[in-house]
Amino acid sequence: MDFLNRKDLNISQHPERILQFGEGNFLRCFFDWQIDILNEKCGLDAGVLVVKPRNTPRPLDLNSQDGLYTSIIRGYDDEGLLRNEKRLITCINREISVYSQFDEYLAAAANPKLRFIISNTTEAGIVFNPDDKYEDRPQSSFPAKLTRFLHQRYLDFKGSAGSGLILIPCELIDYNGEALKEIVLKYAGIWELEKGFTNWLLSSNTFCSTLVDRIVTGYPDDEVQVLTDELGYKDNFITAGEYFHLFVIQGPAEVQEALKLSGSGLDVRFADDLKPYKQRKVGILNGCHTALVPVAWLCGFETVGAAVADSRLSEFLSRLLEAEIIPGLVSPVAGLTEAELMQYAESVIARFKNPFINHQLLSISLNSMTKFKTRLLPQFLEYNLTNGKLPPLISLSLAALAVFYRGELDERTWPVSDDEEFIELFSRLWKDGAQPNEDPSLRAASVASGILGLDAHWGVSLGSMAGLQEKLTENILSILRNGMRETLEACL
């Protein structure tokens with residue numbers, strides 16, 4: 001079977017209206033997938049020029065398949081039906097390397113049809129490097145490369161207002177558009193570029209902040225032969241992701257109009273502020289992950305899917321959301337109703353049940369102490385303040401987390417991954433001075449006291465919270481003596 005190519009498939013290219021920094025699985029399964037749908041359904045007529053922003057070797061690039069590749073979107077839809085959709089993505093025209101094709105990169109700035117710049121250069125991509133110089137070919141950091149490109153466009157079009165671009169970064173940092181804009185302006189200043197360029201940046205270009213949400217598993221190594229037989233062609237760039245997707249853009253109305261979103265069926269939302277959506281995602285999606293991991297692992301499960309298929313763990317998540325997480329989000333997440341939060345929560349549970357996502361609990365467990373603080377502690381404190389008592393299920397999850405960091409239970413062992421300070425802390429709490437016939441209640445109390453005494457980490461004095469040390473000790477002791485499942489049953 002041959003590789004993909006446009007000639008054999010009689011597929012033409014769209015005008016290059018989008019410059020995309022990043023060739024990875026996420027952008028291709030999230031952003032480019034959406035652009036392909038907009039081209040088909042809404043007449044966007046936008047081709048993508050992909051810029052490889054890093055100088056890393058690859059045996060093949062997207063040009064080897066004329067920019068064509070297959071997306072595989074799988075999971076439960078809004079009606080609860082399991083979907084498995086394969087789509088040939090045709091919006092990418094070509095890929096260039098900014099390192100080996102720097103002149104071609106700058107030449108793209110003169111394209112009068114260019115309208116958008118998209119990026120996903122990882123969380124570490126939007127950073128300032130003081131060593132970057134204007135004359136570098138190329139600069140090392142993404143914002144410096146971008147500044148050089150934008151200045152070239154300013155020169156090519158003599159600073160005309162209509163030559164400005166819409167910039168939509170997708171890096172996973174808060175207010176990514178604002179952060180990117182700030183660094184670009186900083187480079188303009190230290191490079192002593194003309195004031196007219198700075199004025200053009202501010203008046204003619206639009207930097208949007210975004211929130212992106214889709215699990216992308218990437219190249220399906222274990223299914224390649226089966227998929228090749230189904231598709232009838234070889235594809236080195238197949239990318240797989242879940243059915244759920246959400247793209248929230250903080251930007252003016254003209255961005256929505258420029259993307260021609262009307263009638264697309266895509267879940268792309270425009271908001272004056274991303275904060276409510278970020279709080280919702282962190283509290284519900286990420287919070288559920290963090291609460292589930294130690295409880296499910298200690299019950300003997302290894303993946304999210306297997307855990308939520310268990311009736312009692314499924315009930316644990318449902319009660320956790322309805323009673324402890326969502327009520328704590330209604331007030332802080334201004335602009336989103338409790339019904340909207342519940343609807344999102346239902347979609348999260350459906351995502352957890354996706355049989356095509358093999359999400360390992362141990363991989364999610366990385367840095368769980370910090371994750372518990374950012375994802376669950378706010379709802380823990382809100383519940384306690386509102387109800388005058390401890391949230392039973394978040395409290396149980398904290399106890400399970402303490403036992404999880406022990407790294408062993410009932411002759412079963414596992415690796416724990418976190419900052420060294422936490423690894424050393426739990427090693428000391430669980431093992432230092434331990435005796436073969438030691439009373440488990442004393443060790444449980446010591447561990448509970450040690451965790452709650454981390455005021456600098458928690459940012460609040462949990463040790464002084466009425467009844468918390470006793471409850472944490474009780475839950476830890478129960479897990480040690482009776483097992484996680486029996487302890488969970490008692491809580492439910």
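1. Which residues of helix 12 are buried? Keep in mind as you look that this is a predicted model. The buried residues are Leu-313, Ser-314, Phe-316, Leu-317, Leu-320, Leu-321, Glu-324, Ile-325, Ile-326, Gly-328 and Leu-329.

2. What covers them? The cover over the buried residues of helix 12 includes helix 10 (275-298), helix 11 and helix 13. It also includes helix 16 (377-387), helix 17 (392-404) and helix 22 (484-491).

3. Now for the form of helix 12 itself, which runs over residues 311-330. How far apart are the end C-alpha atoms of helix 12? They are 27 Å apart, and this agrees with the 28 Å that 20 residues should span at 1.5 Å a residue.

4. On to the empty space inside. Rolling a probe the size of a water molecule over the atoms shows where such space is left. Here the count is 2 cavities of 30 Å³ or more.

5. The largest cavity has a volume of about 60 Å³. Around it you'll find Ile-215, His-289, Val-304, Gly-305, Arg-351, Phe-352, Asn-354, Ile-357 and His-359. Helix 11 (304-308) and helix 13 (338-352) are the elements that give two or more residues to this lining. Both of those helices also turned up in the cover over the buried residues of helix 12. By type, the lining of the largest cavity has 4 nonpolar residues, 4 polar and 1 charged.

6. The second largest cavity holds about 50 Å³ of space. Its lining is made of Phe-31, Gln-34, Ile-35, Leu-38, Phe-247, Leu-259, Leu-261, Leu-266 and Val-268. Which helix gives the most to this lining? That's helix 3 (residues 31-42), with 4 residues. The split by type is 8 nonpolar and 1 polar, with no charged residues.

7. Is His-457 buried or exposed? Its relative accessibility is 13%, so His-457 counts as buried, the cut-off being under 20%. Leaving aside residues up to four places away in sequence, His-457 touches Met-369, Thr-370, Lys-373 and Phe-422.

Note on methods. Residues numbered from 1 in each chain as written. Predicted model: local features only at pLDDT ≥ 70, side-chain atom pairs only at ≥ 80, totals over all residues. Heavy atoms only, no water. 1 Å grid on protein atoms, 1.4 Å probe; cavity = no way out; pocket = protein on both sides within 12 Å on 5 of 7 lines; lining within 4 Å. Points joined across faces, edges and corners; volume = space filled by probe spheres on them. Nonpolar A, V, L, I, M, F, W, Y, C, P; charged D, E, K, R; others polar. Buried < 20%, exposed > 50% of the residue type's maximum accessible area, 1.4 Å probe, protein only. Contact = heavy atoms within 4.5 Å. Expected span 1.5 Å × (residues − 1).
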